[in-house]
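Dear colleague,

A short account of the findings follows it.

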Amino acid sequence: MPSFDFKSELDSHEVSNGVDQANRIIKNRFDFKGTGAKFSLEEGTVSLSSAEEFQLHQMFPILKECLAKRGVDLKSLKPGDIETSTGNARQNIVLQEGVDKESAKKIVQIVKSSKSKVQVAIQGEIVRVTGKKRDDLQKVIELIKSAKLDLPLQIKNFRD
C-alpha cells in the first residue's frame, strides 16, 4: 500500500555552516568592525548579540540569506524578543523542528475535509498518509502545499 510521511526537520550541518558564513560576513563588514557583533548556535537556537539594537535588525537578514543559500527553510526560524541592556543587545532565534500536535491535527483536518480516499495517522512528530492509489497521495501532497501552512514541511519515505 503506497504511503509517505510529512516531516519537519533541519539539516544541522547546513545550519551550522550558515551560521559560520554569517559570522564571516559580519566580521568583514565595515559597519560591524569593533562592535563585537556575532552569531552563536546552541542546541536549536541561534543567538544574535551586538552592541546596539539597530545592528540586530541588520544582522537578521544576513542570517536569513546565509541559511537560504544553504537550503534551510526560513519558515523554521522563529525570532524571539530583543533584550537590551547597557551596551549590549541580544536576540534568540528558535529553530523549529518537528510537526507539533496542533499543526498535525490541522493537516489531518485538511486531508479529511478533501474527501480523499486516504488514511492519515499522527505518529509523534510525523504525519503518515496511506492510500490505495499513488494518484490519491499526489493529490494530498498538492493539497497540503497549496494550504500554505506556516511549517517547513518535507515529504519523506514515499513508498509504492
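D5 is buried, with a relative accessible area of 1%; here buried means under 20%, exposed over 50% and partly exposed in between (1.4 Å probe, protein chains only). Please note that this is a predicted model, in which local features need pLDDT of at least 70 and side-chain atom pairs count only at pLDDT 80 or more, while totals for chains, interfaces and linings use all residues. Residues are numbered from 1 along each chain as its sequence is written, and side-chain values use heavy atoms, with hydrogens and water left out.

The side chain of D5 forms a salt bridge with that of R128 (2.7 Å, N to O), the term denoting a side-chain nitrogen of Lys or Arg within 4 Å of a carboxyl oxygen of Asp or Glu. Because R128 lies in strand β7 (residues 126-131) and D5 in strand β1 (residues 3-7), the pair ties together parts 123 residues apart in sequence. Strands (E, at least two residues) and helices (H or I, at least four) are DSSP runs, numbered from the N terminus. R128 is partly exposed, at 23% relative accessibility.

The count of salt bridges comes to four. Among them, E14 meets R70 (3.5 Å, N to O), and R29 meets D31 (2.8 Å, N to O).

Four strands form an open antiparallel sheet in the order β2-β3-β5-β4, where pairing requires at least two DSSP bridges between two strands. Its edge strands are β2 (38-42) and β4 (77-85). Seven bridges join β4 to β5 (residues 88-95).

Yours sincerely
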